[in-house]
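Dear colleague,

Please find below the structure that I am handing over to you, with its sequence. My findings follow directly after it.

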2 protein chains.
Amino acid sequence: MVLYPNFKFEITHQDRLTQARCGLLTTPHGTIETPAFIFCATKGAMKSVTTQQMVEAGAEIILSNTYHLLLQPGYELVARHGGLHQMLHWERPMLTDSGGFQIFSLGHGGVADEIKGRNRGPMAKTLLHIDEGGAHFRSHIDGRKIYLTPEESIKIQRGLGADLILALDECTPFKADKIYTERSMERSHRWELRSFREFAAQNDGRQALYGIIQGGIYDDLRKRSADFVGEQDFFGQAIGGSLGGSKEQMHHIVAITCQYKRRDRPTHLLGIGGISDIWNGVANGIDSFDCVHPTRLARHGGALVNPRKNGGKEYVSMKNAQFQGKMCPIDSDCTCYCCQNFSSAYIHYLFKAREMLGGQLLTIHNVAFMARLAQGIRNSIRNGSFTQEMGASLRSQI
Amino acid sequence: MVLYPNFKFEITHQDRLTQARCGLLTTPHGTIETPAFIFCATKGAMKSVTTQQMVEAGAEIILSNTYHLLLQPGYELVARHGGLHQMLHWERPMLTDSGGFQIFSLGHGGVADEIKGRNRGPMAKTLLHIDEGGAHFRSHIDGRKIYLTPEESIKIQRGLGADLILALDECTPFKADKIYTERSMERSHRWELRSFREFAAQNDGRQALYGIIQGGIYDDLRKRSADFVGEQDFFGQAIGGSLGGSKEQMHHIVAITCQYKRRDRPTHLLGIGGISDIWNGVANGIDSFDCVHPTRLARHGGALVNPRKNGGKEYVSMKNAQFQGKMCPIDSDCTCYCCQNFSSAYIHYLFKAREMLGGQLLTIHNVAFMARLAQGIRNSIRNGSFTQEMGASLRSQI
């Protein structure tokens, strides 16, 4: 039985000094080059830009969150459209997550806090109860109770119709001790098997399933989880769960996990989108990244900039007085619609005057920036300058 | 001396039964067909859409408000960009108003309320004092005192650089009695003369000045004002001030004023944008209209629709439950980006989920709608069916 007849992952270039590699990831909605950045249309919309503007800015792949769409408008409505591609008018590859991450992170606290270990608070009321079957939670929109099982998550993702889908896992909180983390990981493995069985039973070739490597901040658990996920017939693998409480710990866990991952499969690092974190991830063999950071930052006035040209900074706030009256674009080398047509002074003014166009123009810039960053990383792998380029970028930030 | 070497207004078609006419209005930034609708980039931005999206939706001309730009970011910054066209990246014709209308309407109450006679409240604190020289007011942003004179308004509009600019007038409040309205009108005439002299003294051929016909709701004052404005060397004429407290009164005043206006000059009706009001205005010989209505309505979830296909309604709220699960576009005959690619159900969902993309997509639809309405009106004048088309549209609303 061919599980993934319409999907392919080919490694086209391998860096000699690091694990960095270029690949081609083929899906029913086209082929993308990796390493790639996946932009977040969390609730089935890129918030301040259209999907057409995403294409114009150079985005190749986006994701939506199963949890949000399950609550509103419901996956049945998306399915009636023929799936997310049709509803959003997005013709390129898409990914959906399993819904698990949001259930647990909303239960425990903020999503980004959870990955990065910043949350220590008590569980909020949205996550009611986890049992072997799945997770009981309450909709924060209308209060109804929902029971998300591995089978249900796959069924929902089938309705959403993204090319790449994720197995359901428990996202272990950062504060969990090793005993809890290990038990949680083992349950995640059982859930991932159930996800796979549900996927395989109804597989029509339109979707490819990723397993998720758990294990928290414990090296030996990460190895066990990577081995387990690698043994199953997943198309790809994602690195999930807590990555620790500091950049150093995150880089360590990513490096350890990547040592044990399947090298022939596409590997996604969930929820990470800082410039230095992407360089580090790629050096360890990560093929794709996602994070709300570039687009959320834009809506709050932050423009992504090259750390090497900006004293190590990854972004600047366009609200700062330094941009008042500054006639040049945000980045005169940037070919995006924002930088080609508008001054820094105009963007500064739009945020000062609370004109929502400011967030839209910065989103276009930040999307173009991330697409170009990924392109630059791929080029450096192809022409043998990856280590040098990464070094120059990271050194500027010391 | 040729005052307007780079401007021209040609009437290309005259309806036989009404005063409706088609024209070509030529400016240094191109020629537009009239009757035309002018979209409001009030503070130098179309809020939820880019100028590129405005062009794609079919907008031919936009306006910005001198009052808003004077307070923030200041006209000097706009001038440093080379004018609004460069700052906003808008290459087609533009109009600015004189700033007077906002000063008085903010002083007296809401802008739309003022034109339509809905405001009876006391003067707010932003308008401090009017004297023969000009208007003293206070910035609602930083509290500084500003003195706007006719000369200053023209100087500011020169810095803003729009193609079509307006003389400074006093926008007489609806509640004013005939004695006040008459005195105010006479002062407006003196201010318009001063505006013209300042304009002519520095005229470099890049801009064309419109006079404004005042006179409130009094037929004889409207005649006197139309005669006065017609005697000056303005390029065009705008109908300003209060248009009364009801649709009937508005249509009466527009009709009366149009009887006495110069027929060889382009005529703009300030602040009016309802579908039936536009048909009525065109029938009286109005060549252009402006109103925030189409774009503001969009941001609040309102989609403009053809009254003849929607039981006389000029718009529907996409938040209404009737659109939940409705798979067809807002208007299957509409060729805009929104209607070509997205379902009513998706737009409904975006507003329910407070996703700002909803406002953006509806803005595109409403702009396309208004551009197509103007196109349809022009076509009906050209092919002799104007009265018939107007009748069908108005009858659907009875």
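Two strands are said to pair if DSSP finds at least two bridges between them. Please also bear in mind that this is a predicted model.

Strand 1 and strand 2 of chain B form a hairpin, with six residues between them.

Strand 2 of chain B also pairs with strand 3 (residues 30-34) of chain B, in the antiparallel sense and over five bridges. Here B:Thr26 has B:Thr31, in strand 3 of chain B, as its bridge partner. A hairpin of two residues joins strand 2 of chain B to strand 3 of chain B. Is strand 2 of chain B mostly covered or mostly open? Strand 2 (residues 21-27) of chain B is mostly covered, with five of its seven residues buried.

**A sheet in chain A**

In chain A, three strands form an open sheet in the order 7-8-9, with antiparallel pairing. Strand 7 (127-130) and strand 9 (145-148) of chain A stand at the edges and have a single partner strand each, so one side of each is left without a neighbour in the sheet. From one strand to the next, the twist averages 20°. Strand 8 (residues 135-138) of chain A is joined to strand 9 of chain A by four bridges, and these two strands run antiparallel. Within this pair, A:Arg138 stands opposite A:Lys145 in strand 9 of chain A.

**The two domains of chain A**

The domain assignment of chain A gives domain 1 (32-291) and domain 2 (300-385). Their C-alpha centres lie 28 Å apart. Contact between them involves 17 residues of domain 1 of chain A and 18 residues of domain 2 of chain A.

Which elements give two or more residues to the side of domain 1 of chain A that touches domain 2 of chain A? They are strand 4 (36-40), helix 1 (51-57) and helix 11 (275-283) of chain A. Helix 1 of chain A provides the largest share of that side, four residues. By class, that side of domain 1 of chain A has eleven nonpolar, four polar and two charged residues.

**The nonpolar core**

The largest nonpolar core has 229 residues, of which A:Phe39, A:Ile62, B:Phe39 and B:Ile62 touch the most other members. Domain 1 (32-291) and domain 2 (300-385) of chain A each contribute at least three residues to this core. Leaving aside residues up to four places away in sequence, A:Ile62 touches A:Ile38, A:Phe39, A:Ala41, A:Met54, A:Trp90 and A:Met94.

**Contact between the chains**

Between the chains, 30 residues of chain B are in contact with 30 residues of chain A. On the side of chain B that touches chain A, at least two residues each are supplied by helix 3 (75-81), helix 13 (337-341), helix 14 (344-352) and helix 15 (357-382) of chain B. The largest share of that side, five residues, comes from helix 14 of chain B. The residues of the side of chain B that touches chain A divide into 15 nonpolar, ten polar and five charged.

With kind regards

Key
Residues are numbered from 1 along each chain as its sequence is written. Chains are lettered from A and ligands numbered from 1 in the order in which they are written. This is a predicted model: local features need pLDDT of at least 70, side-chain atom pairs count only at pLDDT 80 or more; totals for chains, interfaces and linings use all residues. Domain bounds come from an automatic or database domain assignment. Two residues are in contact if their C-beta atoms, placed from the backbone, lie within 7 Å. Ala, Val, Leu, Ile, Met, Phe, Trp, Tyr, Cys and Pro count as nonpolar, Asp, Glu, Lys and Arg as charged, and the others, Gly among them, as polar. A nonpolar core is a set of buried Ala, Val, Leu, Ile, Met, Phe, Trp, Tyr and Cys residues joined through C-beta atoms within 7 Å. A residue is buried if 20 or more other C-beta atoms lie within 10 Å of its own, exposed if 12 or fewer, and partly exposed in between; C-beta atoms are placed from the backbone. Axes are lines fitted to C-alpha atoms, for helices over the stretch in contact, and angles run from 0 to 180 degrees between N-to-C directions.
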